[in-house]
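The paragraphs below lead through one protein chain, step by step. Please keep the sequence and the 3D view at hand while reading.

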Amino acid sequence: MTMNPAFTYAPLCGAPGCERPARYRIAAPWSHHTSSELKNYGLACEQCLDERLALARARHARLRLADGEAVGEVSAYPLGRLEGAPGGEASRP
Ligand SMILES: [Zn+2]
């Protein structure tokens, strides 16, 4: 058995049936009182980006906001830039 030294976790596009590596994260800035983060709507490759973006915007438009919640516009964030950013994928209970 050999280990592949070049192995890295490559997230895939979130479109059904698409197995290309994701290039973008679709997300919208979300804030609640003093805390803010990106609300994640999934991942997309180059080819599926427009379609995934349209779907995410449709979902986003139906979102009901609680008191004190505010959301920004859904947009595509190139993946490479978010990785390694502090607090990007922090999981909280
Ligand atoms: Zn795709």
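**Confidence and overall layout**

In this predicted model, the confidence of the chain is lowest in helix 2, with a mean of 67, and highest in helix 1 (residues 49-61), at 95. The score used here is pLDDT, the predictor's confidence in each residue, on a scale from 0 to 100. Over residues 84-92 the pLDDT is below 50, and beyond near neighbours in sequence this stretch has one contact in the model. A contact joins two residues whose C-beta atoms, placed from the backbone, lie within 7 Å. Where pLDDT is low, the predicted coordinates should not be read in detail. Across the chain, the average pLDDT is 84, and 77% of the residues score at least 70.

Two conventions apply throughout. Residues are numbered from 1 along each chain as its sequence is written. Because this is a predicted model, local features need a pLDDT of at least 70 and side-chain atom pairs count only at pLDDT 80 or more, while totals for chains, interfaces and linings use all residues.

The chain contains two helices and four strands. Helices (H or I, at least four residues) and strands (E, at least two) are DSSP runs, numbered from the N terminus. Read along the sequence, these elements follow the pattern β-β-α-β-β-α.

**How the strands pair**

Which strands are joined to strand 1? Two strands pair if DSSP finds at least two bridges between them. Strand 1 and strand 2 run antiparallel and are joined by nine bridges. One of the residue pairs to look for is P29 with its bridge partner L38 in strand 2. Strand 1 also pairs with strand 4 (residues 75-78) in the antiparallel sense, over four bridges, and here A27 stands opposite S75 in strand 4. Strand 3 (residues 69-71) is antiparallel to strand 1 as well, with three bridges between the two; S31 has A70 in strand 3 as its bridge partner.

Strands 1 and 2 form a hairpin with two residues between them. In the loop between these strands lies H33, which has a positive phi of about 55° although it is not a glycine. Most residues other than glycine have a negative phi, and most peptide bonds are trans. H33 counts as exposed because it has 9 C-beta neighbours inside 10 Å.

S35 is exposed, since 8 other C-beta atoms lie within 10 Å. Although S35 and E69 are 34 residues apart along the chain, their C-alpha atoms are separated by 9.7 Å.

**From the surface to the core**

R25 and S75 are 50 residues apart in sequence and 8.3 Å apart in space, C-alpha to C-alpha. In the chain as a whole, buried residues make up 14% of the 93 residues.

The largest nonpolar core has 11 residues: C13, A22, Y24, I26, A27, Y41, L43, A44, C48, A56 and V74. Strand 1 (24-32) and strand 2 (35-44) each supply at least two residues of this core. The term nonpolar core denotes a set of buried Ala, Val, Leu, Ile, Met, Phe, Trp, Tyr and Cys residues joined through C-beta atoms within 7 Å. In soluble globular proteins, nonpolar side chains tend to be buried together.

**Contacts across the sequence**

L79 lies in helix 2 (residues 79-82). L79 is partly exposed, because 16 other C-beta atoms lie within 10 Å. Leaving aside neighbours within four places in sequence, L79 is in contact with A22, R23, Y24 and R25. The C-alpha atoms of L79 and P11 are separated by 9.5 Å, although the two residues are 68 apart along the chain. For the chain, among contacts between residues at least 6 apart in sequence, 52% join residues at least 24 apart.

Definitions and conventions: Buried ≥ 20, exposed ≤ 12 C-beta atoms within 10 Å, placed from the backbone.
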